[in-house]
Amino acid sequence: MSDPGVPTGPSEPVRRTLGRSGVEITPLALGTSGIANLYTPVTEEQAQEAVRAALRRGIRSFDTAPHYGLGLAERRLGAVLRELPRDTYTVSTKVGRRLEPSDAGGDDLAHGFAVPATHRRVWDFSADGVRRCLEASLERLGLDRVDVVYLHDPDDHEDQAFREAYPALERLRSEGVVGAIGAGMNQTAMLTRFVRDTDVDVVLCAGRHTLLDHSAAELLPAALDHGVSVVVGGAFNSGLLADPRPGATYDYAAAPAALLERALRIKEAAERHGTSLRAAALAHCAAHPAVTAVLVGARSAAEVDDCADRFAEPVPDALWEELRTTGLL
C-alpha cells in the first residue's frame with residue numbers, strides 16, 4: 001500500500017477556520033462525487049489514488065455525501081482516511097437524503113452514477129432523519145465523527161429544513177457530535193436565508209460564484225457580514241470552464257452557444273496573459289474575502305494534480321482588468 005504522505009511540522013498545509021466553529025479546513029478541498037462513479041465507473045484503486053494524491057498535494061479537507069454513488073463515495077473516502085490520524089484531516093458529509101435498501105435492480109444512472117441501484121434515496125429533513133442519515137454515513141465512512149454536516153439540497157423542503165433539520169444540526173453541534181454545521185445548495189437565495197436567519201458556520205455554494213455565474217453577489221457580502229464561511233464548489237460549472245469546446249457541459253447539461261463563446265473568449269484572454277482558464281476559474285472563486293475554501297472534484301490522481309497545480313498558478317491582475325473592461329467579468 002502506498003504511503004499517503006501526510007506531512008508534519010513546518011510543511012503542514014495552510015488551514016482556515018470555518019466561521020466561529022474552530023473547525024479548520026485547507027483552502028483547496030476535494031469533493032468525492034467523481035470517485036463515486038459519476039457518469040462512468042472509477043476503479044477502487046483509481047479512487048483511492050485520487051484521495052492519496054490530494055493528501056500528497058496538501059489537501060486535508062474532503063467533502064462527501066450519501067447521494068454520491070449511493071454511499072460509494074463515503075465508503076471509498078473512508079477506506080483511505082481510516083489509515084491516518086483522525087486530527088490530520090477534515091471531513092464534511094450531508095444529510096437530507098436517506099438511503100433505503102431496494103430490490104428494484106438496474107443502475108443509478110438516472111441520478112448520474114454508474115452504480116447498481118441497491119438503494120433508493122428518500123428525502124428526509126426531519127430531526128430523526130438527520131440523525132439516522134448521519135449515523136449511516138459514519139458507518140460507511142468507518143469514522144467515529146465527521147467535522148462538518150451540511151443540509152443537502154433542501155430546495156423543495158424549505159419549511160421542514162428550517163423547522164426540523166436545522167435545529168437538529170444545532171443540537172448535534174451543541175452536543176459536540178459535529179464541529180460545524182451548514183447547508184449546501186446550487187442556489188443562493190435559500191443559502192442567504194440560512195446565513196441571515198440561523199447560526200450556521202458555513203454554506204457550500206455550488207456553481208453560483210464562477211467566471212460565468214455571478215448570482216452569489218448577495219450571498220457573499222451577507223456571509224461576510226454575519227461571520228459565516230463560504231465554501232465554493234462547481235468552479236468549472238460542471239465542465240465548461242475546464243475545457244470549453246462543442247459538447248461541453250454547463251451545470252450538467254449541454255452548454256448554450258452564448259456561454260461557450262464567452263468561455264472561449266475568457267480562455268483566449270487568460271492564455272494571452274500567460275495563465276490558463278482553469279487557473280483563472282479557481283482564482284476567481286477564491287478571491288472573495290467571504291470564501292474560505294474552493295472545493296474541486298476529481299476522478300483520478302492526475303486530475304487532482306492538475307487542480308492543485310492550477311490553484312497555485314499565478315493569475316496576473318492585468319487579466320482581471322481586461323475581463324472587466326471587455327464585459328466578460
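1. The model is a predicted one, in which local features need pLDDT of at least 70, side-chain atom pairs count only at pLDDT 80 or more, and totals for chains, interfaces and linings use all residues. Residues are numbered from 1 along each chain as its sequence is written, and side-chain values use heavy atoms, with hydrogens and water left out.

2. On strand β10. Helices (H or I, at least four residues) and strands (E, at least two) are DSSP runs, numbered from the N terminus. Strand β10 covers residues 148–152 and is mostly covered, since 5 of its 5 residues are buried, where buried means under 20% relative accessible area, exposed over 50%, and partly exposed in between, with a 1.4 Å probe and protein chains only. Both of its faces are covered, with V148, Y150 and H152 buried on one side and V149 and L151 buried on the other.

3. On the neighbours of β10. Two strands pair if DSSP finds at least two bridges between them. Strand β5 (residues 90–95) pairs with β10 in the parallel sense over 4 bridges, and there S92 stands opposite V148. Strand β11 (residues 180–185) also pairs with β10 in the parallel sense, over 5 bridges, and the bridge partner of V149 in β11 is I181. Together β10, helix α4 (residues 158–174) and β11 make a right-handed β-α-β unit; a crossover is right-handed if, with the strands pointing away from the viewer, the path from the first strand over the helix to the second runs clockwise.

4. The strands β11 and β12 run parallel and are joined by 4 bridges, with G182 standing opposite V202 in β12. The chain crosses from β11 to β12 through helix α5 (residues 189–197), and this β-α-β crossover is right-handed. Strand β12 (residues 202–206) is mostly covered, with 4 of its 5 residues buried. It pairs in the parallel sense with strand β13 (residues 229–233) over 5 bridges, and in β13 the bridge partner of V202 is S229. From β12 the chain crosses to β13 through helix α6 (residues 219–226), in a β-α-β crossover that is right-handed.

5. On the pair Y68 and F113. Rings of Phe, Tyr and Trp (its six-membered ring) pair if their centres lie within 6.5 Å, and planes under 30 degrees apart count as stacked, over 60 as edge-to-face and the rest as tilted. Y68 and F113 form a tilted pair, at 6.3 Å centre to centre and with 40 degrees between the planes. Because Y68 lies in the loop between β4 (61–63) and α2 (72–81) while F113 lies in strand β8 (residues 113–116), the pair ties together parts that are 45 residues apart in sequence. Both Y68 and F113 are buried.

6. On the pair W123 and F125. These two rings form a stacked pair, at 6.1 Å centre to centre and with 20 degrees between the planes. W123 is partly exposed, with a relative accessible area of 40%, whereas F125, at 0% relative accessibility, counts as buried.

7. On helix α4. This helix has 17 residues and reaches 23 Å from its first C-alpha to its last, close to the 24 Å expected at 1.5 Å a residue; the expected span is 1.5 Å times one less than the number of residues. It bends by about 30 degrees at A165, and a proline, P167, follows within four residues, the bend being the angle between axes fitted to the seven residues ending there and the seven starting there. The buried residues of α4 include A161, F162, A165 and Y166. R193 lies over the face of F162, at 3.7 Å from the ring centre; a charge sits over a ring if NZ of Lys or CZ of Arg is within 6 Å of the ring centre and within 35 degrees of the ring normal.

8. On two backbone angles. Most residues other than glycine have a negative phi. D153, in the loop between β10 and α4, has a positive phi of about 50 degrees although it is not a glycine, and at 15% relative accessibility D153 counts as buried. Y39, in the loop between β3 (28–31) and α1 (44–56), has a phi near 70 degrees, again a positive value in a residue other than glycine, and at 47% relative accessibility Y39 counts as partly exposed.
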